[in-house]
Amino acid sequence: MTPETSSLRTRAFFTDSLEVLDPVPHEALTSVGATRPQAFAGGIWPQFVPSFTGNGLFVADLALRESIVLGIVGAGGIGYLMQESIATLRYDVTSAIVIAIAVVVCGIEALARLARRHLL
């Protein structure tokens with residue numbers, strides 16, 4: 001997967017979030033005289049924030065996992081460090097890298113769970 005493809009897929013997540021918004025709250029606020037910023041803050045933003053947060057955390061998790069795979073095949077990053085530690089039989093370093101990756105992924109998942117609980 002090329003970086004351009006990944007970028008397009010990321011943009012699609014966020015634009016799809018905007019396309020599925022219900023226009024009725026925004027229209028109702030503008031019909032009673034709300035300004036554009038007020039209509040946005042009351043009609044669009046509350047619907048968009050949960051999806052935006054969830055998609056943002058998903059993309060962060062996806063980027064971490066993709067960087068690991070790319071590093072293993074030679075593109076650098078944490079996957080490269082892991083591949084080198086395996087090749088040099090430094091299993092203590094390999095286990096530390098795997099634990100660090102697991103902690104970061106679990107941290108992102110916990111953050112996503114917390115955000116969904118508070119935003120939805």
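**A first look around Gly71**

Setting aside residues up to four places away in sequence, Gly71 touches Gly76, Gly79 and Tyr80. Please keep in mind that this is a predicted model.

**More on Gly71**

- You will find Gly71 in helix 3, which covers residues 36–75.
- Gly71 has a relative accessible area of 0%, so Gly71 is buried.
- Gln83 lies twelve residues from Gly71 in sequence, and their C-alpha atoms are 7.7 Å apart in space.

**The chain as a whole**

- The chain has five helices and zero strands, giving the pattern α-α-α-α-α along the sequence.
- Of its 120 residues, 23% count as buried.
- Among contacts in the chain with a separation of 6 or more, 50% come from residues 24 or more positions apart.
- The accessible surface of the chain is about 8000 Å², and 69% of that belongs to carbon and sulfur atoms.

**Aromatic rings**

- Searching the whole structure turns up three aromatic pairs.
- In one of them, the ring centres of Phe40 and Trp45 are 5.9 Å apart and the planes are at 45 degrees, so the pair is tilted.
- Phe40 is partly exposed, at 41% relative accessible area, and Trp45 is partly exposed too, at 43%.
- Phe48 and Phe52 also form a tilted pair, with 5.2 Å from centre to centre and 35 degrees between the planes.
- Phe48 and Phe52 are four residues apart in helix 3, so about one helical turn separates them.
- Phe48 counts as buried at 11% relative accessibility, whereas Phe52 is partly exposed at 39%.
- Together, Phe40, Trp45, Phe48 and Phe52 make up one aromatic cluster.

Conventions
Residues numbered from 1 in each chain as written. Predicted model: local features only at pLDDT ≥ 70, side-chain atom pairs only at ≥ 80, totals over all residues. Heavy atoms only, no water. Helix = DSSP H or I, 4+ residues; strand = E, 2+ residues; numbered from the N terminus. Buried < 20%, exposed > 50% of the residue type's maximum accessible area, 1.4 Å probe, protein only. Contact = heavy atoms within 4.5 Å. Areas by Shrake-Rupley, 256 points an atom, 1.4 Å probe, with all protein chains shown as cover. Phe/Tyr/Trp six-rings, centres within 6.5 Å; stacked < 30°, edge-to-face > 60°.
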